[in-house]
Amino acid sequence: MGEAQQKTIQGPRHHTSLKKPLWLVLTVSVISMLLISTHMFPPQGKRSSSHTLSSWLPVHVRKHTDEEVAARAVVREILKTPPFITPNSKIAFLFLTPGTLPFEKLWDEFFKGHEGKFTIYIHPSKERPVHISRHFSDREIHSDEVTWGRISMVDAEKRLLVNALEDPDNQHFVLLSESCIPLHTFDYTYRYLLHSNVSFIESFVDPGQHGTGRHMEHMLPEIAKEDFRKGAQWFTMKRQHAIIVMADGLYYSKFREYCGPGIEADKNCIADEHYLPTFFSMLDPMGISNWSVTYVDWSERRWHPKTYTTNEISLEFMKNVTSEDMSTHVTSVGEHGDELHWPCTWNGITRPCYLFARKFHPDALDTLVNLFPNYTSTAL
C-alpha cells in the first residue's frame with residue numbers, strides 16, 4: 001500500500017474524542033476525593049448523620065444593607081469596651097410597675113446595710129402613693145401609659161435604662177416587676193451579676209405559633225425568620241449591653257412597626273418577648289446566657305404565669321426554687337407546649353439559675369419576710 005493511501009485510510013486523529021477536557025477530569029477527581037473523605041472520616045458528634053457534600057461547598061450569605069453595616073459597626077466598637085468593675089460599682093434595680101410595690105418591706109430587708117452598692121429606678125404607669133420607704137424614695141420616671149404587649153413596654157424598659165446609664169457607677173442593670181422578690185442575699189446577688197461573663201437574657205427558638213409563627217415578612221431583610229427568638233422580658237444586663245440597646249434604632253424600628261397584637265392577621269407578636277432576645281441572638285450570641293435569672297412558673301399554660309398566694313409558699317418550696325440549676329423554656333408547640341431544658345452555668349460552673357422570682361400575690365408579703373433569712377444563700 002502506498003504512502004498516500006495509508007494516510008487516507010488512517011485519517012486525522014481527533015484527540016478531543018479520546019480524552020476528556022482537563023477541567024472535567026480535575027472536577028471529577030476533587031468531588032471523588034471529597035466523597036471518599038466523607039465516608040472515611042465522618043464528622044464526630046450527633047450531626048454526622050446529616051453531613052453531606054453541601055457542607056463542603058460555599059454558603060451564600062446575604063449582603064447586609066448600609067444601615068445594617070453601620071449598626072453592626074457601632075455594636076462591635078461598644079462591645080470592645082471592657083467591663084470596668086471598681087469598689088464603687090453598683091447594680092441598678094429597674095422596677096417596671098403599674099402602681100405600688102407591694103413587696104417593698106421584703107426589698108428593704110434585701111437592701112439593708114448595702115447603701116452605695118445599688119440604685120433604684122421606678123417606672124410607674126400610674127401615680128404612686130406619697131408615702132414610700134427610704135429605699136424607694138427617689139428616681140421615679142414618668143412617661144406615657146404603658147400597654148401590655150405593645151412597643152410601649154419596650155420603650156419603658158429603655159427609659160429606665162437610659163436614666164440608669166447616667167450614673168457611671170452603674171455596671172449591671174436588673175429589670176423587675178412589682179410582683180418580683182429576691183431569692184438570695186444582696187452580697188450573693190451582687191457577686192453573681194457583677195462578676196459574670198455574660199448578661200442574663202433569655203433567648204430561645206420557639207417553632208410554634210407564638211414563637212417564630214409571630215415573625216412578619218415586613219421585618220425582612222434585616223430580621224429573617226430563622227433569626228427570630230423568644231424570651232422573658234425580665235433581663236439583667238451588663239453596661240456594654242445596655243449601651244448597645246440605647247444605640248440601636250434599626251432593629252428596634254422593625255419591632256416598633258411590625259410587632260404588636262393584631263398588626264398582621266392573627267399573629268399576636270409581643271414586642272417585649274421578642275425584641276431583645278432576637279437582637280442579642282443576632283448581634284452578640286456568645287455574650288448572653290440564653291436563660292433568665294428570674295424564676296417564673298408557666299405550668300398553667302395561660303397568657304400569664306402562675307401567681308403564688310401565701311398558702312402555696314413554704315420554706316421547702318422556696319429552697320427548691322433557690323437551688324434549681326436547670327432552666328425551663330416553654331414553647332408553643334403541641335397542645336400543651338413542649339418544654340426545653342438546659343443547665344445553668346456561671347462562668348462555666350454549674351450554679352443555681354435564679355436570683356429573683358415572680359409572680360407573688362401581695363398577701364404573701366409577711367410569709368416571705370419571715371422566711372427570707374432561711375431560704376437565701378450567702379455563698380457563691
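This is a predicted model: local features need pLDDT of at least 70, side-chain atom pairs count only at pLDDT 80 or more; totals for chains, interfaces and linings use all residues.

Residues are numbered from 1 along each chain as its sequence is written, and side-chain values use heavy atoms, with hydrogens and water left out.

**Overall make-up**

- The chain holds 12 helices and 13 strands, where helices (H or I, at least four residues) and strands (E, at least two) are DSSP runs numbered from the N terminus.
- Of the 380 residues in the chain, 46% are buried, a term that stands for under 20% relative accessible area, with exposed meaning over 50% and partly exposed in between (1.4 Å probe, protein chains only).
- Among contacts (heavy atoms within 4.5 Å) with a separation of 6 or more, residues 24 or more positions apart account for 80%.

**Nonpolar cores**

- A nonpolar core is a set of buried Ala, Val, Leu, Ile, Met, Phe, Trp, Tyr and Cys residues joined through side-chain atoms within 4.5 Å; the largest has 48 residues, of which Phe93, Ile181 and Leu368 touch the most other members.
- The elements that give two or more residues to this core include strand 1 (90-97), strand 2 (118-124), strand 3 (170-177), helix 5 (104-111) and helix 12 (365-375).
- A second, separate core of 44 residues includes Val146, Leu161, Met216 and Leu283.
- Leaving aside residues up to four places away in sequence, Ile181 touches Phe103, Leu106, Trp107, Met318, Leu355, Phe356, Ala357, Phe360, Leu368 and Tyr375.

**Helix packing and a buried loop residue**

- Helix 6 (residues 151-165) and helix 9 (residues 250-258) pack at an angle of about 145°, with their axes 9 Å apart; axes are lines fitted to C-alpha atoms, for helices over the stretch in contact, and angles run from 0 to 180 degrees between N-to-C directions.
- On the helix 6 side, Ile151, Val154, Asp155 and Lys158 meet Tyr252, Phe255 and Arg256 of helix 9.
- The residues of this contact of helix 6 with helix 9 divide into four nonpolar, no polar and three charged, where Ala, Val, Leu, Ile, Met, Phe, Trp, Tyr, Cys and Pro count as nonpolar, Asp, Glu, Lys and Arg as charged, and the others, Gly among them, as polar.
- Leu250, Tyr251, Tyr252, Ser253, Lys254 and Phe255 are buried in helix 9, and the buried residues of helix 9 pack against helix 4 (66-79), helix 6 and helix 10 (271-283).
- Ile141, in the loop between strand 2 and helix 6, counts as buried because its relative accessible area is 7%.
- Ile141 and Leu160 lie 19 residues apart in sequence and 7.3 Å apart in space, C-alpha to C-alpha.

- On a 1 Å grid over the protein atoms alone, a cavity is a set of points where a 1.4 Å probe fits but cannot get out, and a pocket is an open set with protein on both sides within 12 Å along at least five of seven lines, lining residues having an atom within 4 Å of a point.
- The second largest pocket has a volume of about 160 Å³, a volume being the space filled by probe spheres set on grid points that are joined across faces, edges and corners.
- Its lining includes Arg62, His64, Arg72, Leu220, Pro221 and Met282, and the lining residues divide into four nonpolar, one polar and five charged.
- The structure holds three cavities of 30 Å³ or more, and the largest cavity has a volume of about 40 Å³.
- Pro83, Ile85, Gln171, His172, Leu194, Lys238, Arg239 and Gln240 line the largest cavity, and strand 3 and helix 8 (239-247) are the elements that give two or more residues to that lining.

**Backbone geometry**

- Most residues other than glycine have a negative phi, and most peptide bonds are trans.
- A cis peptide bond with omega of about 5° joins Leu220 and Pro221, and Pro221 is placed in the loop between strand 5 (199-202) and strand 6 (236-238).
- Another cis peptide bond, with omega of about 0°, joins Arg358 and Lys359, and Lys359 is placed in the loop between strand 13 and helix 12.
- Asn290, in strand 7 (residues 288-290), has a positive phi of about 75° although it is not a glycine, and counts as partly exposed at 25% relative accessibility.
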